[in-house]
Amino acid sequence: MITAIYSIIIFIACTVGALVGIGGGVIIKPLLDFIGVHTVEVVGFISTCAVFAMSISSSVKHIASKTEMDKKIVLFVSFGSIFGGIIGNEIFDAVFERFNTNIVKGVQAVIIAAFIIFVIFYVNSKNVKSLRIKNPVIIVLTGLMLGLMSAFLGIGGGPINTAFLVLLFSFSVKESAVYSVAIIFFSQLSQLVTIFINNRFEPYKQYFPIIICAMIVAVVGGLIGSKLNKKLSNSIITKVFSVVLSFVAIVNVYNAIRGFTA
C-alpha cells in the first residue's frame, strides 16, 4: 500500500518537477515526511533516487529534442554542483548523527519553506533585477552552493536552482527549468556516488522495492514533464511553479511545527 502511495506522489512530483525545473524532490520529501512512515534519512534517499532518475529521462528528452542551452553555463554550474552535493551529503550525515530525526526534519522544513517563499516572490516580481554572470569562477561557486543545499535538504534543489538561474543569468522560468534539471542530475549523482564509496547502501537494502518503483515512475514523469515544458508558455509554467510551491510551503511549515513539537 505504501509503495503505491509513494509511487503516485513521486510520479506527480517528477512530472511537475521536470515541467517547471523544481526537480520533484521539493514535493516528494515534504509529503513523505508528512506521511511519516519512514525516517528522514530513508525519505531523503528515496527522494534522491527518484529525482536522479527523473533528471536522466528529462535530460535525454531535452537532448533528443535539441533544446537550446548555453553549454558553458551547464558545464560550470554542474561541475560546482558535483562538489556541492558531496559536501552537502557529509553535512547532512554529521547533523543526522548529532540530532534526533524530528529536529533534523524540522530544520530542513524551515529552510525549505523559507527558500520557497523567497523564490515565489522573486519569480513573480515585476521589478526584479537580474544579472548576466559570465565569470567562470562565480558560475562554479554558484553550482557548489546549489549542489550543497540540494544534498543537505534532500530535495534535488529545483526551486533554489530556478531562482538563482533567473537571478544570475537572466533566464525565464521556462529556460531555467532546462538548466535546473541538468544541475540536479550532477548534484544527485555526486550524492549517490558518495553513499556508494562510503558503503552506506546497507541500511536502504530493505527499501529497494520501493526505490525501484519510485525510479520507474520518476522516469515516466520526467519524460512527460519535459515534453510539456516544450509545449507550454513561460507564463503558464510560472503560474504552475508558483501554485505548486505555495502548497509545498504550507506542508513544510506544518512539518516544521510537528518536528519541533514532537
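Predicted model: local features only at pLDDT ≥ 70, side-chain atom pairs only at ≥ 80, totals over all residues.
Author: Residues are numbered from 1 along each chain as its sequence is written, and side-chain values use heavy atoms, with hydrogens and water left out.

Reader: Why are α3 and α8 called oblique to each other?

Author: Helix α3 (residues 40–64) and helix α8 (residues 173–197) pack at an angle of about 135° with their axes 8 Å apart. Angles under 35 degrees count as roughly parallel, over 145 as roughly antiparallel, 65 to 115 as roughly perpendicular and the rest as oblique. α3 and α8 are therefore oblique.

Reader: Which residues of α3 and α8 meet?

Author: Contact means heavy atoms within 4.5 Å. Among the residues of α3 that meet α8 are F45, F52, I56 and H62; on the α8 side they include V178, F185, L189 and I195. The residues of this contact divide into 13 nonpolar, seven polar and no charged. Ala, Val, Leu, Ile, Met, Phe, Trp, Tyr, Cys and Pro count as nonpolar, Asp, Glu, Lys and Arg as charged, and the others, Gly among them, as polar.

Reader: What makes α3 largely enclosed by the rest of the structure?

Author: Buried means under 20% relative accessible area (exposed is over 50%, partly exposed in between, with a 1.4 Å probe and protein chains only). In α3, 19 of the 25 residues are buried, so this helix is largely enclosed.

Reader: How do you know that the length of α9 agrees with its number of residues?

Author: The expected span of a helix is 1.5 Å times one less than its number of residues. The 24 residues of α9 (residues 208–231) should span 34 Å, and the end C-alpha atoms are 35 Å apart, which agrees.

Reader: Why is N229 called buried?

Author: N229, in helix α9, has a relative accessible area of 2%, so it is buried. N229 touches A18, L19, H62, K174, A177, V178 and I237, not counting residues up to four places away in sequence. The buried residues of α9 pack against α1 (2–20), α3, α8 and α10 (234–261).

Reader: What makes A18 buried, and where is A18 placed?

Author: A18 lies in helix α1. A18 has a relative accessible area of 1%, so A18 is buried. A18 and S226 are 208 residues apart in sequence and 5.3 Å apart in space, C-alpha to C-alpha.

Key
Axes fitted to C-alpha atoms, helices over the stretch in contact; angles between N-to-C directions. Helix = DSSP H or I, 4+ residues; strand = E, 2+ residues; numbered from the N terminus.
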